[in-house]
Amino acid sequence: MNVAPSPNPARTVVVVGAGIVGTSTARYLQRDGARVIMIDPLAPGRGTSFGNAGGMAVTEVAPLSLPGTLWRVPRWLMDPLGPLTIRWSYLPRLAPWLWRFWRASAPARVEATATALASLLARAYGDYEPLLVEAGIRDLLKRQGCISLYESEEALKEDAFELALKRRHGVRIERLGPEELRQMEPDLAPIFKAGLFMPDWGHVADPYRVVAAIAECFSRQGGTIKEARVVEVEIGAEGPRAVLTDAGERIAFDALVIAAGAWSAKLAKPLGSKVPLETERGYHTTLPNPGVSLSRMLHSAEGGFVLTPMSMGLRLSGTVELGGLDLPPDYARARVLVARAKRFLPALDAEGGTEWMGYRPSLPDSLPVISRSPRFANLFYAFGHGHLGLTEAATTGRIIARLVGGGDPSIDLKPFRIDRF
Ligand SMILES: Cc1cc2nc3c(=O)[nH]c(=O)nc-3n(C[C@H](O)[C@H](O)[C@H](O)COP(=O)(O)OP(=O)(O)OC[C@H]3O[C@@H](n4cnc5c(N)ncnc54)[C@H](O)[C@@H]3O)c2cc1C
């Protein structure tokens with residue numbers, strides 16, 4: 001492999017995708033002196049980044065695929081209110097991804113993944129700080145921690161491996177009994193055997209507003225946003241040199257960043273990189289007048305969903321639906337969240353809730369791709385952040401900007417390479 005020197009940062013960079021990852025990347029590239037054009041058929045933040053749970057999940061160093069995870073799957077699938085569902089018509093296409101997902105649970109690989117995730121997550125708050133401050137939205141970030149709620153001691157025991165892994169990586173976890181839970185969150189039903197408080201979690205009060213405000217800042221500083229879909233990347237004698245859009249436009253660049261979330265694999269393939277990117281579809285219901293008040297994010301350990309107090313109401317979100325990019329949403333999944341949450345918060349008022357589905361861009365080893373193309377020196381990838389895209393976006397943006405500019409991102413990027421599969 002022969003990788004040429006990096007382009008001059010003052011030249012033109014096109015970023016495909018205006019989710020939280022693309023927008024953070026565009027802003028960091030711009031801060032480093034590049035002329036940046038961000039392209040997306042949707043307005044910034046209207047894709048998956050619109051409706052996530054808002055969690056700054058800096059403690060989540062454990063990959064999703066852990067030793068024993070697979071044995072829990074049948075139980076999850078059989079529970080209509082459970083955390084996982086598979087659209088069976090999609091199973092044949094999913095099988096290779098599931099195989100890789102299972103292989104990622106080997107203990108040595110889990111350790112390596114946790115080390116890689118920890119290296120990204122440790123930088124999350126620091127890398128967001130300038131983006132939030134310059135966009136004037138520092139107040140949207142709340143650092144009040146998160147409590148994982150356990151309805152049974154058995155569930156707590158099942159999580160022992162994951163908790164030990166987190167503690168080995170320095171994650172602070174404090175066990176709470178029923179009385180402490182009642183004091184910290186008085187609206188909770190007295191149905192929990194234990195809570196695990198992780199003080200280092202944070203959340204944002206409006207994930208869409210975070211993207212929109214960073215994008216507005218990007219525009220104010222001279223960045224260009226084009227509402228169009230990239231349909232092709234033109235490759236010249238020296239490598240990629242322009243994108244063609246569905247609006248019939250040809251936009252030339254010196255460097256290109258693919259940050260198109262769950263749709264990135266389709267763009268990467270003709271550029272020589274085949275990646276096992278799938279989508280873990282997730283749902284939310286946001287309740288505008290919930291009638292209860294939470295002081296921080298809550299996580300249902302058994303139910304696989306979270307409750308986040310946001311500026312527009314209480315957001316119930318999570319669960320995983322494996323069903324690809326084309327099948328229609330099944331909003332019964334969003335209603336399941338309300339049924340579950342009502343058990344937790346007996347006074348919950350579910351009137352007027354809005355439902356939403358998004359496409360988590362997920363690689364089977366729970367690590368994103370943050371990488372230069374192995375084939376072209378001016379092509380970069382930033383996608384596949386799965387459950388942690390909000391948390392990891394600013395760090396991804398800072399790293400990609402350094403790579404594009406030829407600087408040292410001061411982090412080991414081997415685990416995030418696009419050609420690791
Ligand atoms: C229910 C749910 C809860 C979540 N909770 C959390 C959480 O608490 N914390 C956390 O860190 N993460 C969370 N996530 C994950 C997080 O939302 C995602 O990882 C993140 O939004 C991915 O960002 P992105 O910018 O890569 O993708 P997106 O936001 O999907 O942006 C990709 C953009 O690329 C555009 N695009 C696609 N194809 C093209 C093309 N050909 N040309 C131009 N543009 C294109 C799309 O239109 C889209 O706007 C959650 C996800 C879900 C679904």
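Visitor: Which residues come nearest to the ligand?
Guide: In this predicted model, the shell around the ligand holds 35 residues. Of these 35, the ones that come nearest are D40, S49, G55, G386 and T391.

Visitor: How many Å separate a polar side-chain atom of D40 from an oxygen atom of the ligand?
Guide: A polar contact requires a pair of N or O atoms within 3.5 Å. For T391, a polar side-chain atom and an oxygen atom of the ligand are 2.7 Å apart, while for N52 an N or O atom of the side chain is 3.1 Å from a ligand oxygen. For D40, the distance from a polar side-chain atom to an oxygen atom of the ligand is 2.6 Å.

Visitor: What share of the ligand's exposed area does the protein bury?
Guide: The ligand, when taken alone, exposes 1,000 Å². Of that area, the share buried by the protein is 96%.

Visitor: How many residues of the shell around the ligand are charged?
Guide: Helices α1 (20-31) and α12 (389-405), together with strands β15 (278-287) and β19 (354-362), each supply at least two residues of this shell. By class, the shell residues divide into 16 nonpolar and 16 polar ones, and the number of charged residues is three.

Visitor: Is T23 buried or exposed?
Guide: T23 lies in helix α1, and, leaving aside residues up to four places away in sequence, T23 touches G17, A18, M38, P44, V211, I214 and A215. The relative accessibility of T23 is 0%, and a residue under 20% counts as buried. Therefore T23 is classed as buried.

Notes. Residues are numbered from 1 along each chain as its sequence is written. This is a predicted model: local features need pLDDT of at least 70, side-chain atom pairs count only at pLDDT 80 or more; totals for chains, interfaces and linings use all residues. Side-chain values use heavy atoms; hydrogens and water are left out. A residue is near a molecule or strand if one of its heavy atoms lies within 4 Å of it. A polar contact is a pair of N or O atoms within 3.5 Å; within protein, one must be able to donate a hydrogen and the other to accept it, and residues adjacent in sequence count only if both atoms are side-chain atoms. Accessible areas come from the Shrake-Rupley method with a 1.4 Å probe; for residues, only the protein chains shown count as cover. Helices (H or I, at least four residues) and strands (E, at least two) are DSSP runs, numbered from the N terminus. Ala, Val, Leu, Ile, Met, Phe, Trp, Tyr, Cys and Pro count as nonpolar, Asp, Glu, Lys and Arg as charged, and the others, Gly among them, as polar. Buried means under 20% relative accessible area, exposed over 50%, partly exposed in between (1.4 Å probe, protein chains only). Contact means heavy atoms within 4.5 Å.
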